[in-house]
Amino acid sequence: MKLAYEAALRSLDKQERVLEELRARTGVLLGASSLAAAFLGQSACGDPEPLVFAVIALAAFVVSIFTSVYILIPKTNLIFAEVGGGLYEGLYAF
């Protein structure tokens, strides 16, 4: 039973690390897209010729902002679970 508990605990720890890593990378992506928009936005919008490219770039920036913020917002219904009893039954033969 102790083996099943330790395996379930390791699985929960791994899930938590993966979520933290995802949120950290999302924060970096959000910062990079903001920095790129700040440096390149003025030059892209200043030239009237390729207005289509400026609109596409602005739309991509808005999409990246919304998706990044959605990932970074804490979720209340997010549940980490590993059934230790089921794991114990599966490993009982070994």
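Phenylalanine 39 is located in helix H1, which spans residues 2-46; helices (H or I, at least four residues) are DSSP runs numbered from the N terminus. The structure is a predicted model, in which local features require pLDDT of at least 70 and side-chain atom pairs count only at pLDDT 80 or more, whereas totals for chains, interfaces and linings use all residues. Residues are numbered from 1 along each chain as its sequence is written, and side-chain values use heavy atoms, with hydrogens and water left out.

The predictor's confidence in each residue is expressed as pLDDT, on a scale from 0 to 100. For the protein chain the mean pLDDT is 77, with 73% of the residues reaching 70 or more. Among the elements of the chain, the highest mean pLDDT (83) belongs to helix H2 (residues 51-72), and the lowest (63) to helix H3 (residues 84-91).

Phenylalanine 39 counts as exposed because its relative accessibility is 63%; the classes are buried (under 20% relative accessible area), exposed (over 50%) and partly exposed (in between), for a 1.4 Å probe and protein chains only. Together with Leu35 and Leu40, Phe39 makes a nonpolar surface patch of about 360 Å². Such patches are made of residues with over 30% relative accessible area and no salt bridge, nonpolar side chains (Val, Leu, Ile, Met, Phe, Trp, Tyr) being joined within 5 Å and like charges within 9 Å. Accessible areas come from the Shrake-Rupley method with a 1.4 Å probe, and for residues only the protein chains shown count as cover.

One salt bridge is found in a search of the whole structure, the criterion being a side-chain nitrogen of Lys or Arg within 4 Å of a carboxyl oxygen of Asp or Glu. Glutamate 21 and arginine 25 form a salt bridge in which the closest N and O atoms are 2.8 Å apart. Both residues lie in helix H1, four residues apart, about one turn of the helix. Glutamate 21 is partly exposed, as its relative accessible area is 40%, whereas arginine 25, at 58% relative accessibility, is exposed.

Threonine 26 also belongs to helix H1, but this residue is buried, with a relative accessible area of 6%. Excluding residues up to four places away in sequence, threonine 26 touches Ser68, Ile71 and Leu72, contact meaning heavy atoms within 4.5 Å. Serine 68 is placed in helix H2 and is buried, with a relative accessible area of 1%. A polar atom of the serine 68 side chain lies 2.7 Å from the backbone oxygen of serine 64.

Definitions and conventions:
Helices (H or I, at least four residues) and strands (E, at least two) are DSSP runs, numbered from the N terminus. A polar contact is a pair of N or O atoms within 3.5 Å; within protein, one must be able to donate a hydrogen and the other to accept it, and residues adjacent in sequence count only if both atoms are side-chain atoms.
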